[in-house]
Amino acid sequence: MSPRHALPAAALLAAGLLAAAPPARAGRPTETLPAETFLVDVAYLHSWLTNAYDDEGGRTQLLDKLYRYEPGGGLQGIIIPDASVTYQVLIAKLQYGILDNLTLGLGVPVVLRTTVEPRLSWVPGDYMWWLGRTYTEEDFWEWAQSMGQPRPGTWVGNRGVLADIILGLRYRLSDYLPALTDQGVGLALTVQGALPTGRPKDPEEIVASGTTSWELHAQGELGLHLALDYRPRELDERLTVGLDLFYEALFEHTYDAPTGRKNPLILDLAPYTGERYSLDPGDFLGFQLVLDVVAWRGPVLETWLSGQVADPDSLPPLVSLSVGYAFTWLFQSDWESESELWDWTQEKLWRPGYKNRLTAELVVSLLRVGAPLQLSLTYSNLSWIPGRNSRATDSLSVGLRGPFKLF
């Protein structure tokens, strides 16, 4: 396995081991906080990923098969990776109502732990006359280890590592359009951006992943959302239908190329790519449809909390359920290094594509019974509806949130 033959192999091993960050919360997409009100939201998210969708939309493994050849000789064998990735993330969010129709938000995701299992298997190659047989898996890795190349094992990292911090501002425009509000229609514009606080993967590790927006691949670094929702009056405000149109950009970044310090036969790329390479991941464009249903409004008890509200019946329902569908178009990535071959092996893994996300959220609010707390359970799924050139990530999160005022 010469470094030149290892060039495409490294691209395959180093790409695609990604899990999703928390999805956007289901619910009314034009909702803002009352002026001078804070909302604190803390959630634990568990995300898992074992499959991807290829350029034809078929389900496949995260990494391609790796064909290993004798230097100048026949096929040693085929390494088949069946990688599995899990992320454990703690997300802290703080929102503040600047005005009744203008809310500022801050999201701080902290990755508690990332686990990547390569789960490699082996298909024997050509008959080797000097061995009197084909290479076995043990033969291959013994030979590789004699050359200083360890067999990739389970990687565990990102313990307590920040992902990109998100800042957002939502402005509800429909407050100035009585013709809309009289019909139960809301309209809002949201702008959000990511601070580069995430950590990219260690370039010397084969099976590893970082915590940047690109590696989590759930949202862009700068996004614009235009949301519209409708709450029919005749249904006593028990149903809200929402539509969110969005465009999110990911910017070009420069990364260090691997030098083979830990994996000399697989990740010695700097002689071909140069010491650094640039990546423009491509942007996101799409929409999300949301249905928000009041499952049980519940009674309003006479408590200290209901006494602070002009209209106690306007407090959130005891139980609500939101379901959503989001379509995201993925733009072509662009890799630039001194090796056009390596650039293409990366770009063909991140060609234009799309992903279909299903979400569901159950919220139990205790404000009507005197406790300023809301419990949430959220599920996100990318594996039920096939995508194209995307990763089939699923996640489950549980959260606790509550409003408060300082004065």
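The exercises below work through a predicted model of one protein chain, each with a stepwise solution.

Residues are numbered from 1 along each chain as its sequence is written. Local features need pLDDT of at least 70 and side-chain atom pairs count only at pLDDT 80 or more, whereas totals for chains, interfaces and linings use all residues, and side-chain values use heavy atoms, with hydrogens and water left out.

**Exercise 1. Determine whether Thr37 is buried or exposed, and what it touches.**

Step 1: Thr37 lies in the loop between helix 1 (3-14) and strand 1 (38-53); helices (H or I, at least four residues) and strands (E, at least two) are DSSP runs, numbered from the N terminus.
Step 2: With a relative accessible area of 9%, Thr37 is buried, since buried means under 20%, exposed over 50% and partly exposed in between (1.4 Å probe, protein chains only).
Step 3: Leaving aside neighbours within four places in sequence, Thr37 is in contact with Gln95, Tyr96, Gly97, Pro403, Phe404 and Lys405.

**Exercise 2. Describe how Asp55 is placed relative to Asn389.**

Step 1: Asp55 sits in the loop between strand 1 and strand 2 (59-61), and its relative accessible area of 24% makes it partly exposed.
Step 2: Although Asp55 and Asn389 are 334 residues apart along the chain, their C-alpha atoms are separated by 5.4 Å.
Step 3: The side chains of Asp55 and Asn389 make a polar contact at 2.8 Å, that is, a pair of N or O atoms within 3.5 Å, where within protein one must be able to donate a hydrogen and the other to accept it, and residues adjacent in sequence count only if both atoms are side-chain atoms.
Step 4: Beyond four places in sequence, the contacts of Asp55 also include Arg351, Pro352 and Arg388.

**Exercise 3. Summarise the make-up of the protein chain.**

Step 1: The protein chain has six helices and 23 strands, and its C-alpha trace spans about 85 × 40 × 35 Å along the principal axes.
Step 2: Of its 407 residues, 50% are buried.
Step 3: Among contacts between residues at least 6 apart in sequence, 73% join residues at least 24 apart.

Technical notes
Contact = heavy atoms within 4.5 Å.
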